[in-house]
Amino acid sequence: MAVAKKEGEEGAEGPSLWERMERPAPLPRASLTLERIAAAAVEIADEEGGAAVTMRRLAAKLGVAPMAAYRHVNGKDDLWALMIDRVSRELAVPDDVTDWREVLRSYALQTRDLMLAHPWMAVMPTPVIMLTPSRMAVAERGLSALAAHGLDADSVMAVLRAVTSFVHGSAQSEIALRDYQERHGWTSGEQTREALAPQMRYLMSTGRYPAFEQYALAAGRKDDRAWEFAFGLDCVLDGIGQRLGI
């Protein structure tokens, strides 16, 4: 016997979040819409962090009762998805850019900037990141650029996921380092290295890490995260191009 799902329960039957968003509002001047909810949630997350986005906090910012928001979103997953979709609308590549490498590279650089501007994105669950109209549009553009080279469907998706994993992993690491520095009151890479110097000196004195010691002594771009990201991205793209002959 099927068990009826309660109203507001995750995964409840009915039109999807995006179907509801694209439908015309039943009232021409509805006071609360999915767009308003998304905008308010993003503002809270940007100012106070992702953990601050709760239905109660959101309702207070919108000036409505908490249950009013639940009539529009089924729960936290819907809310995260709305937030991701809203900020991801900023991602765009000109229509006349068709080369697979330029399409993926442009989206990758823009995504890093987007995540640094909205660091709460670093803790988003992957399915929520992908299953929104804006994120799907990015995926569609990348998949189309790759498929134009006659690659099979599995290879096309594997390439897109490899680049996406590099982008999100790199940005997450950068955000984590920035948060770590802020928690300790370190305002620069130099201050961070000075604070960690006792640990580093001991580790280097063991003689077990000569390659890392060489990096520590010779590297000139330790704090140039943008260069490091772009260089690593180009290495990934070069490898894809060589492997697939495209």
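Reader: Tryptophan 186 first. Buried or exposed?
Author: Tryptophan 186 is buried, at a relative accessible area of 16%. Buried means under 20% relative accessible area, exposed means over 50%, and partly exposed is in between (1.4 Å probe, protein chains only).

Reader: What am I looking at, and what are the ground rules?
Author: This is a predicted model: local features need pLDDT of at least 70, side-chain atom pairs count only at pLDDT 80 or more, and totals for chains, interfaces and linings use all residues. Residues are numbered from 1 along each chain as its sequence is written, and side-chain values use heavy atoms, with hydrogens and water left out.

Reader: How many helices and strands are in the protein chain?
Author: The protein chain has 12 helices and zero strands. Helices (H or I, at least four residues) and strands (E, at least two) are DSSP runs, numbered from the N terminus.

Reader: What share of the residues is buried?
Author: Of the 246 residues in the protein chain, 35% are buried.

Reader: Contacts next. What percentage join residues at least 24 apart?
Author: Among contacts between residues at least 6 apart in sequence, 68% join residues at least 24 apart. Contact means heavy atoms within 4.5 Å.

Reader: Aromatics. How many pairs does a search of the whole structure find?
Author: Four aromatic pairs turn up. Rings of Phe, Tyr and Trp (its six-membered ring) pair if their centres lie within 6.5 Å; planes under 30 degrees apart count as stacked, over 60 as edge-to-face and the rest as tilted. One of the pairs is phenylalanine 166 with phenylalanine 229: ring centres 5.3 Å apart, planes at 35°, so tilted.

Reader: Where do phenylalanine 166 and phenylalanine 229 sit?
Author: Phenylalanine 166 is in helix H9 (residues 153-184) and phenylalanine 229 in helix H12 (residues 225-244). The pair links distant parts of the chain, 63 residues apart.

Reader: Why does phenylalanine 229 count as buried?
Author: Because its relative accessibility is 4%.

Reader: Back to tryptophan 186. Which residue does it form an aromatic pair with?
Author: Tyrosine 180. The pair is edge-to-face, 5.5 Å centre to centre with 70° between the planes. Tyrosine 180 is partly exposed, at 32% relative accessibility.

Reader: Switching to charges. How many salt bridges are there in the whole structure?
Author: The search finds 13. A salt bridge is a side-chain nitrogen of Lys or Arg within 4 Å of a carboxyl oxygen of Asp or Glu. In one of them, glutamate 35 joins arginine 86, and the closest N and O atoms are 3.0 Å apart.

Reader: Which parts does that pair tie together?
Author: Glutamate 35 lies in helix H2 (residues 34-48) and arginine 86 in helix H5 (residues 76-88), so the parts tied together are 51 residues apart in sequence. Glutamate 35 is partly exposed at 33%, and arginine 86 is partly exposed at 31%.

Reader: What about arginine 105, which side chain does it meet in a salt bridge?
Author: Aspartate 234, at 2.7 Å from N to O. Arginine 105 is in helix H6 (residues 100-117) and aspartate 234 in helix H12, 129 residues apart.

Reader: Which residues do salt bridges with shared partners join into one network?
Author: Glu35, Asp85, Arg86 and Arg89.

Reader: Last one, the surface. Which residues make the nonpolar patch?
Author: Met200, Tyr202, Leu203, Tyr209, Phe212 and Tyr215, over about 580 Å². Patches are made of residues with over 30% relative accessible area and no salt bridge: like charges are joined within 9 Å, nonpolar side chains (Val, Leu, Ile, Met, Phe, Trp, Tyr) within 5 Å.

Reader: Which helix gives the most to the patch?
Author: H10, with three residues. Helix H10 (189-205) and helix H11 (210-218) each supply at least two. Methionine 200 is found in H10, and methionine 200 is partly exposed at 33%.

Technical notes: Areas by Shrake-Rupley, 256 points an atom, 1.4 Å probe, with all protein chains shown as cover.
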